[in-house]
Amino acid sequence: MKNIPPYIFAQIEERVERKKAEGVDVIDFGVGDPDLPTPKPIVDEIKKQLDDPDNHRYPSSTGERDARVAVAEWYARRFGVELNPDREVVILLGSKEGLANIARAFINPGDKVLCPDPAYPVYAQGATMLCDAQPAKFPLYAGDDFLPDIDSLPQDAKMLYLNYPNNPTGAVATPGFLKKAMKWCADTKTIMCYDAPYSEMTFDDYVAPSILEFGRQAVEFGSLSKTFNMTGYRIGYAVGDANLITGLKKIKTQIDSGAPKFIQKAMPVALGEYKGRKRPQMVQDCVDVYEARRNVMVKGLRKLGFDVKMPKGTFYLFFDVGGSEAEFSNKMLDAGVVVTPGGGYGKNGEGFVRMALTQPKERIEEALERMRKVLV
Ligand SMILES: Cc1ncc(COP(=O)(O)O)c(C=O)c1O
C-alpha cells in the first residue's frame, strides 16, 4: 500500500473543493464524468424495476441472466461477435472493479503485468500492485498516435492491458494494430485485457471495433458509464474467453454480491436501443454534443498556441503544455479552470495535461477566455 500513490482524482477533487470553499467559480475539466443525464427510457425502466420487490433482493454476483443475454445480443449486433451468455459474459459493478479483479484471478506476486504509460491508473496500481506484482510499463508516444510498438514488449509478462479509444490521450486503434496485438498475445501466451469503455464515444465516422473481432483469447471490459451517462449506477461487463471469465467470476463471488438487480434489469432496454452496428439516436445525441464541444475546445486551445490533436475517440483532450504540467495545472486552478496533470497517468504523461469535455460550450468558451488572460 505504501508504494501506491494516492488515486489521482481523489487528489484533484480535494484541491477543487478547497478552491470552491474559497468562493472561486471553478470550471471543472478534471474527472471524466459525463454532465449529460441518463436517457429517459433507461431511467424509466430502472424506476419500473425498482417497484418489483424481487429486485430488492441479492442479485447473482456474476450477473442476472437477462443482463448477460442483453450483453451477448448487443455484441452480436454491434460487433458481429457471438458470445455464450452463461460462459463468456460477466456483469460488473462498473468496469473498474473488473479491471482490478481480473488480476486477482490470474496474477501471482512477482508476476510482470504490461501496462501502458500514460494510462488509466487502475492497471498498474489497483490491479498489478495490489497483487504484489510488477507493472512493466511501456510507452505511448504522441508521434506514434499513442499506439505502442508491440514487437518491443517484453515477452515474459503474464498479462497485457490495452485501452482504446484511449484515456487519457483520446487515441483510437487501427484494426491492423489490434490484429497484431492479439497475435502477439497468442504467440507469447500473454493474457490480453482490453479496456473499451469508450467504444461508443467516437467521432468523424470512426467506429471502434471489439478486440474479440480479432481473436477470442482475450477478455474485454465495457461499461454503460460513458455510453449512456451512467457513471453513478456502477454497471459494466466483461466478455471473452470462458476460462478468463470463469476466473473473474470466481473472484467476484468471494468479494461482491453483484450490481443491484433493478439496474441490471435495465440493461436490455439500454443495449436494446442498438438495432445493428449503428449508434442509436440516444447515444448519437450525446456524441454530437461532445463533438461540438471538442471542436470549440480544440480550436480555442490551438489559438492559444497549443499543439492539440483532434481526438477521434473519448471526451478527452491531451496536449503538451511545453513545460511543467503541475505548474500549468496550478496556474489554471488559480484562474478557476481544472485540468488534470498528465504525470498522474505515468511518466510519459509528464509535460501534458488532460481536459475532459464535460462542460457546456458556454463554459468552455469562458474557460478559454480565463486561460487566455493568464497565459498572455
Ligand atoms: C480507461 C477507463 N477504463 C475504465 C474506466 C472505468 O469506468 P467504469 O468503472 O465507470 O465502468 C474508466 C473511467 O473513467 C476509464 O477511463
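Reader: Is Phe-146 buried or exposed?
Author: In this predicted model, Phe-146 has a relative accessibility of 7%. Phe-146 counts as buried because that value is under the 20% cut-off.

Reader: Where does Phe-146 lie?
Author: Phe-146 belongs to the loop between β4, residues 134–139, and β5. Its phi is near 60°, which is a positive value in a residue other than glycine.

Reader: And what is the phi of Asp-204?
Author: Asp-204 is not a glycine either, and its phi is positive, at about 55°. This residue is placed in the loop between β6 (191–195) and β7.

Reader: Why is Asp-204 called partly exposed?
Author: The relative accessible area of Asp-204 is 34%.

Reader: How far is Ser-210 from Tyr-194?
Author: Their C-alpha atoms are separated by 8.7 Å. Along the chain, the two residues are 16 residues apart.

Reader: A change of topic: the ligand. Which residues come nearest to it?
Author: There are 15 residues around the ligand, and those that come nearest are Asp-195, Tyr-198, Ser-223, Ser-225 and Arg-234.

Reader: What does the side chain of Asp-195 do there?
Author: An N or O atom in the side chain of Asp-195 is 2.5 Å from a nitrogen atom of the ligand.

Reader: How much of the ligand's accessible area does the protein cover?
Author: The ligand on its own has 400 Å² of accessible area, and the protein covers 92% of it. The ligand sits in the largest pocket.

Reader: Which helix gives the most to the shell around the ligand?
Author: That is helix α4, which spans residues 95–106 and gives three residues to the shell.

Reader: How do the residues of the shell divide into nonpolar, polar and charged?
Author: Five of them are nonpolar, six are polar and four are charged.

Reader: Back to Ser-223, please. Where is it found?
Author: Ser-223 is in strand β7, residues 218–223. At 4% relative accessibility, Ser-223 counts as buried.

Reader: What does the side chain of Ser-223 reach?
Author: The side chain of Ser-223 reaches the backbone nitrogen of Ser-225, at 2.9 Å. Both serines are among the residues that come nearest to the ligand.

Reader: One last topic, the cis peptide bonds. Which residues does the one with omega of about 10° join?
Author: That cis bond joins Asp-117 and Pro-118. Pro-118 lies in the loop between β3 (112–117) and α5 (123–128).

Reader: And what is omega for the bond from Tyr-164 to Pro-165?
Author: The peptide bond from Tyr-164 to Pro-165 is cis as well, with omega near -15°. Pro-165 is placed in the loop between β5 (159–163) and α6 (175–188).

Key
Residues numbered from 1 in each chain as written. Predicted model: local features only at pLDDT ≥ 70, side-chain atom pairs only at ≥ 80, totals over all residues. Heavy atoms only, no water. Near = heavy atom within 4 Å. Polar contact = N/O pair within 3.5 Å; in protein donor to acceptor, adjacent residues only side chain to side chain. Areas by Shrake-Rupley, 256 points an atom, 1.4 Å probe, with all protein chains shown as cover. 1 Å grid on protein atoms, 1.4 Å probe; cavity = no way out; pocket = protein on both sides within 12 Å on 5 of 7 lines; lining within 4 Å. Sits in = over half its atoms within 2 Å of the grid points. Helix = DSSP H or I, 4+ residues; strand = E, 2+ residues; numbered from the N terminus. Nonpolar A, V, L, I, M, F, W, Y, C, P; charged D, E, K, R; others polar. Buried < 20%, exposed > 50% of the residue type's maximum accessible area, 1.4 Å probe, protein only.
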